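Here is a friendly walk through one protein chain, written to be read with the model open beside you. Shall we take a look?

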Amino acid sequence: MNRPCALCGETKHEIVSEKDRHGNPLRTILCLGCGVITNDPIPSDEELAAFYRKDYRKHYKGSTEPSLRQVWRNLGRIEHPLLANREIYANRKNCLDLGSGSGEFMFLAGAIGIHCTGVEPNEGYANYSREKLGLSVTNKTLEDMDFKEGSFDLIRLSHVLEHMRDPVRSLKVLHRWLSDDGLLFIDVPNIENEASQKMHGRMFHFGHIYNFNPMTLRLAAGLAGFSEIEQSAARLSQFTSAFFRKNHDTYQKPDGLI
C-alpha cells in the first residue's frame, strides 16, 4: 500500500489476511498508525456503485429483495434501540436514512412523526421500500445526491460507513447536509467482536472496506467535524454505535491513538 491511511495518514501497515470469508482473494491490512483495518486496494467509486446496484444484496443475502422473515427480524432489531433512545429522537422532524436497506427504520420512524428520505444504492431493495412499504427512497449512492446545506436534523447510517471508500470524505458531505442542531447516528460492525467470534480468515469481504473498532469510528467522525453527544457517550463508549453533533470546537485526537 502506497496510499496514506484516510484516518491518520500513516503509510506503514501489516497484512492480516489474503482471502475473504469465502476463500476468494482479498488483501486486508492493518494500519500501524491508528489500527483501522481496510481492504487493499480500495475499489473505485465506479466499481462500488456497480457492485451495490446489482450484486451486493444477491451476493450476501441470497436474493434481490428482502424476505418477509428478514423484514420482521429487522423490525424487531430496530425497534429496541429506537425506544431506548427515544429522548434523543424526540422532536426530530426530517431524517436522511442513507443506505436505507429494506426501509424498516423509515417505516418505524414515520410512525412517531419523523419524515424520512431514504437513499439506497441497491435496485431491488429500493424498489421494495417504495412499492411494498410506500416509502420515499431514491435508488442512488451518496455521491449521486446533492441536498441543500442543513436539510436534515437527523442523518442515519446503519451498517453503511464500513462500505465507503473514504469515510471521512463521506462524513464531511453529511456534515453539510446536517442542520446546526442536528444529530448524526452511526452504527457499524465492531471488528474486535468479529475477531473474537469468527475463525481467522473468515471475517473479511469486498463490501466491508473499513473495519472499525470503537476508537477508530470516533476518530473518523472527529476528522469530519463531529463530536459524540453526552446523552449517549458513556452508555455507548465500548460500542461501534454513536450519536454525533456538529463540532464547533477544535478537534481533539482520541485518547490512546498512536
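## Helix 4 and its surroundings

The buried residues of helix 4 pack against helix 2 (68–84), helix 3 (86–89), strand 4 (94–98), strand 5 (115–119), strand 6 (137–138) and strand 7 (152–158). Helix 4 itself covers residues 104–111, and its buried residues are Glu104, Phe105, Met106, Leu108 and Ala109. Here, buried means under 20% relative accessible area, exposed means over 50%, and partly exposed lies in between (1.4 Å probe, protein chains only). Helices (H or I, at least four residues) and strands (E, at least two) are DSSP runs, numbered from the N terminus. After helix 4 comes Gly113, with a positive phi near 90 degrees.

A word on the model: this is a predicted structure, in which local features need pLDDT of at least 70 and side-chain atom pairs count only at pLDDT 80 or more, while totals for chains, interfaces and linings use all residues. Residues are numbered from 1 along each chain as its sequence is written, and side-chain values use heavy atoms, with hydrogens and water left out.

## Helix 2 against helix 4

The axes of helix 2 and helix 4 are 9 Å apart, and the two helices pack at an angle of about 50 degrees. Axes are lines fitted to C-alpha atoms, for helices over the stretch in contact, and angles run from 0 to 180 degrees between N-to-C directions. Helix 2 and helix 4 are therefore oblique to each other. For reference, angles under 35 degrees count as roughly parallel, over 145 as roughly antiparallel, 65 to 115 as roughly perpendicular and the rest as oblique.

Helix 2 passes helix 4 in a right-handed crossing; a crossing is right-handed if the near helix is turned clockwise from the far one by less than a right angle, and left-handed if anticlockwise. On the helix 2 side, the contact (heavy atoms within 4.5 Å) is made by Gln70, Val71, Asn74, Leu75, Ile78, Glu79 and Leu82, and on the helix 4 side by Glu104, Phe105, Phe107, Leu108 and Ala109. Sorted by class, the contact of helix 2 with helix 4 has 8 nonpolar, 2 polar and 2 charged residues. In this sorting Ala, Val, Leu, Ile, Met, Phe, Trp, Tyr, Cys and Pro count as nonpolar, Asp, Glu, Lys and Arg as charged, and the others, Gly among them, as polar.

## Helix 6 against helix 8

Another helix pair to find is helix 6 (residues 167–177) with helix 8 (residues 214–223), whose axes come within 8 Å and cross at roughly 50 degrees. Helix 6 and helix 8 are therefore oblique to each other, and their crossing is right-handed. Val168, Leu171 and Lys172 of helix 6 meet Ala220, Ala221 and Leu223 of helix 8. The contact of helix 6 with helix 8 has 5 nonpolar, no polar and 1 charged residues.

## Two buried residues

Ala126 sits in helix 5 (residues 123–133) and is buried, with a relative accessible area of 0%. Leaving aside residues up to four places away in sequence, Ala126 touches Glu120, Val137 and Asn139. The C-alpha atoms of Ala126 and Ser100 are 8.0 Å apart, although 26 residues separate the two along the chain.

Asp20 lies in the loop between strand 1 (13–19) and strand 2 (25–31). At 8% relative accessibility, Asp20 counts as buried. A polar atom of the Asp20 side chain is 2.9 Å from the backbone nitrogen of Gly23.

## Backbone details in the loops

Asp40 and Pro41 are joined by a cis peptide bond, with omega about 5 degrees. Pro41 belongs to the loop between strand 3 (37–39) and helix 1 (45–61).

Which residues other than glycine have a positive phi? Asn91 is one of them, at about 75 degrees; Asn91 lies in the loop between helix 3 and strand 4 and is exposed, with a relative accessible area of 68%. His159 also has a positive phi, near 55 degrees. His159 is in the loop between strand 7 and helix 6 and is partly exposed, at a relative accessible area of 38%.

## The whole chain

The chain holds 9 helices and 11 strands. Of its 258 residues, 51% count as buried. Among contacts between residues at least 6 apart in sequence, 64% join residues at least 24 apart.

How values were computed:
A polar contact is a pair of N or O atoms within 3.5 Å; within protein, one must be able to donate a hydrogen and the other to accept it, and residues adjacent in sequence count only if both atoms are side-chain atoms.
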